[in-house]
Amino acid sequence: MDFLNRHIEALIFCAPEPLSIEEISKCLTEMFASEVPYDHIESAIYELRKKYNGDDYSFALEHLGGGYQFLTKPAYQSSISILLRQQSQKRLSTAQLETLSIIAYKQPITKGEIEQIRGVNSDYSVQKLLEKELVEIKGKSEGVGKPLIYGTSEKFMEYFGINSIQELPQPKDFSQPENQIGEERE
């Protein structure tokens, strides 16, 4: 079984995005010219996750975006944040975050609907989100002019570390202070 673990570990390590059990199975089947049962793959992944959850490693094998990927553990976040800050071209602007939030919560949605909610032109933000592959074109609307419909992508799930859109925080999860006028009296 150790032999299988090492092959799966290598596949997940070199994959640029989360690797699903189906993708792992296809690779192993082609390599060994024989089908590897899913339960063997799942067992190997379980062992690998157990191994990398120990204190000996600065990273862990995580399940996200419908697959498995090695990610740095939260204890090393401060070191990694320095590197990420230096790679500012990958960061999202406030306008892009606003646009992405609208798409995530209202999908499927057209650019016109996004602009109606934001109150400003969103061409640039939508274009940048498409380039970063956080959103994708889901089709065309039946409305006048048949505008494109946008929705989030698998890379969106990976970027935010979630497995489904239902894992996004809901408005009720955010506490807002009550509006007050004047001073409080004791």
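Predicted model: local features only at pLDDT ≥ 70, side-chain atom pairs only at ≥ 80, totals over all residues.
Residues are numbered from 1 along each chain as its sequence is written, and side-chain values use heavy atoms, with hydrogens and water left out. Local features need pLDDT of at least 70 and side-chain atom pairs count only at pLDDT 80 or more, while totals for chains, interfaces and linings use all residues.

**Overall fold**

The protein chain has 8 helices and 5 strands, where helices (H or I, at least four residues) and strands (E, at least two) are DSSP runs numbered from the N terminus. Their order from the N terminus is α-α-α-β-β-α-α-β-α-α-β-β-α. Of its 186 residues, 29% count as buried; buried means under 20% relative accessible area, exposed over 50% and partly exposed in between (1.4 Å probe, protein chains only). Among contacts with a separation of 6 or more, 44% are between residues 24 or more positions apart, contact meaning heavy atoms within 4.5 Å.

**Helices α1 and α3**

The axes of α1 and α3 come within 9 Å and cross at roughly 75°. Axes are lines fitted to C-alpha atoms, for helices over the stretch in contact, with angles from 0 to 180 degrees between N-to-C directions. The two helices are therefore roughly perpendicular, the class for 65 to 115 degrees. The table lists the residues that make the contact.

| Helix | Residue range | Contact residues |
|---|---|---|
| α1 | residues 2-14 | Leu4, Asn5, Ile8, Glu9 |
| α3 | residues 38-52 | His40, Ile41, Ala44, Ile45, Glu47, Leu48, Lys51, Tyr52 |

By class, this contact has 7 nonpolar, 2 polar and 3 charged residues. Ala, Val, Leu, Ile, Met, Phe, Trp, Tyr, Cys and Pro count as nonpolar, Asp, Glu, Lys and Arg as charged, and the others, Gly among them, as polar.

In α7 (residues 123-131), the buried residues are Ser125, Val126 and Leu129. They fall within an arc of 95° seen down the axis, so they line one face of α7; the arc is that of the directions from the helix axis to the C-beta atoms. These residues pack against α5 (94-106), α6 (111-118), β4 (135-140) and β5 (148-152). Glu133, which follows α7, has a positive phi, near 60°.

Glu113 is found in α6 and is partly exposed, with a relative accessible area of 38%. Its C-alpha atom is separated by 9.3 Å from that of Ile102, 11 residues apart along the chain.

**Aromatic pairs**

Rings of Phe, Tyr and Trp (its six-membered ring) pair if their centres lie within 6.5 Å, and the count comes to 9 aromatic pairs. Ring pairs link Phe13, Tyr52, Tyr57, Phe59 and Phe70 into a cluster.

Technical notes
Parallel < 35°, antiparallel > 145°, perpendicular 65-115°, else oblique. Phe/Tyr/Trp six-rings, centres within 6.5 Å; stacked < 30°, edge-to-face > 60°.
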